[in-house]
Amino acid sequence: MAFDQQEDNISQINITPLVDVMLVLLVIFMVTAPILQQGVAVDLPQVTTGALESKEESFIVSITREAKVHLNERPLTLSDLQQRLSERAQQNPNRPVYLRADKGVPYGKVVEVMAVIRNAGIQKLGMVTEPLRDE
């Protein structure tokens, strides 16, 4: 009989939907990655200097226009800042700390934060600025 023939079914995985989902995820991550790296908004002063080279993870202390202090984007009081930095200075006193201060912050506040950083035992303190823009 002609009906006794066996059909050869070859099952294959259709990868087109998988590729479509992966491309959509890639686009989503490409759009959101720059947003996640924003940090604390600080209007830095502009100067003509070169960039510092650093191979290890650094700690960044930021002072906003409202004179609020942040350590790596986490708001802290000055006493908490000194406590956290002194803990880290005990682990590695030569690890640099970078200070980002908004140019609208009073000079006295910047010096006060610098004193807290030095009193915590940090030996290397760098100031973060923006390159001078041609106007």
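**Exercise 1. Which residue in strand 6 does Leu 99 stand opposite?**

Solution. The model is predicted: local features need pLDDT of at least 70, side-chain atom pairs count only at pLDDT 80 or more, and totals for chains, interfaces and linings use all residues. Residues are numbered from 1 along each chain as its sequence is written, and side-chain values use heavy atoms, without hydrogens and water.

Step 1. Locate the elements. Helices (H or I, at least four residues) and strands (E, at least two) are DSSP runs, numbered from the N terminus. Strand 5 covers residues 97–101, and strand 6 covers residues 125–127.

Step 2. Check the pairing. Strands pair if DSSP finds at least two bridges between them. Strands 5 and 6 run parallel, with three bridges.

Step 3. Read off the residue. Leu 99 faces Met 127.

**Exercise 2. Find the other partner of strand 5, and its cover.**

Solution. Step 1. Strand 2 (residues 59–63) runs parallel to strand 5, joined by five bridges.

Step 1. Apply the cut-offs: buried is under 20% relative accessible area, exposed over 50%, partly exposed in between (1.4 Å probe, protein chains only). Five of the five residues in strand 5 are buried.

Step 2. Sort by face. Val 97, Leu 99 and Ala 101 lie on one side, Tyr 98 and Arg 100 on the other. In a regular strand, side chains alternate between the two faces of the sheet.

**Exercise 3. Explain which way helix 2 (residues 78–91) faces.**

Solution. Step 1. List the buried residues: Leu 78, Leu 81, Leu 85 and Ala 89.

Step 1. Look down the axis. These buried residues fall within an arc of 65°, so they line one face of helix 2. The arc is taken over the directions from the helix axis to the C-beta atoms.

Step 2. Check the other side. Ser 79, Gln 90 and Gln 91 are exposed there.

Step 3. Name the packing partners. The buried residues of helix 2 pack against strand 2, strand 3 (69–71), strand 4 (74–76), strand 5 and helix 3.

Notes
The expected span of a helix is 1.5 Å times one less than its number of residues. Contact means heavy atoms within 4.5 Å.
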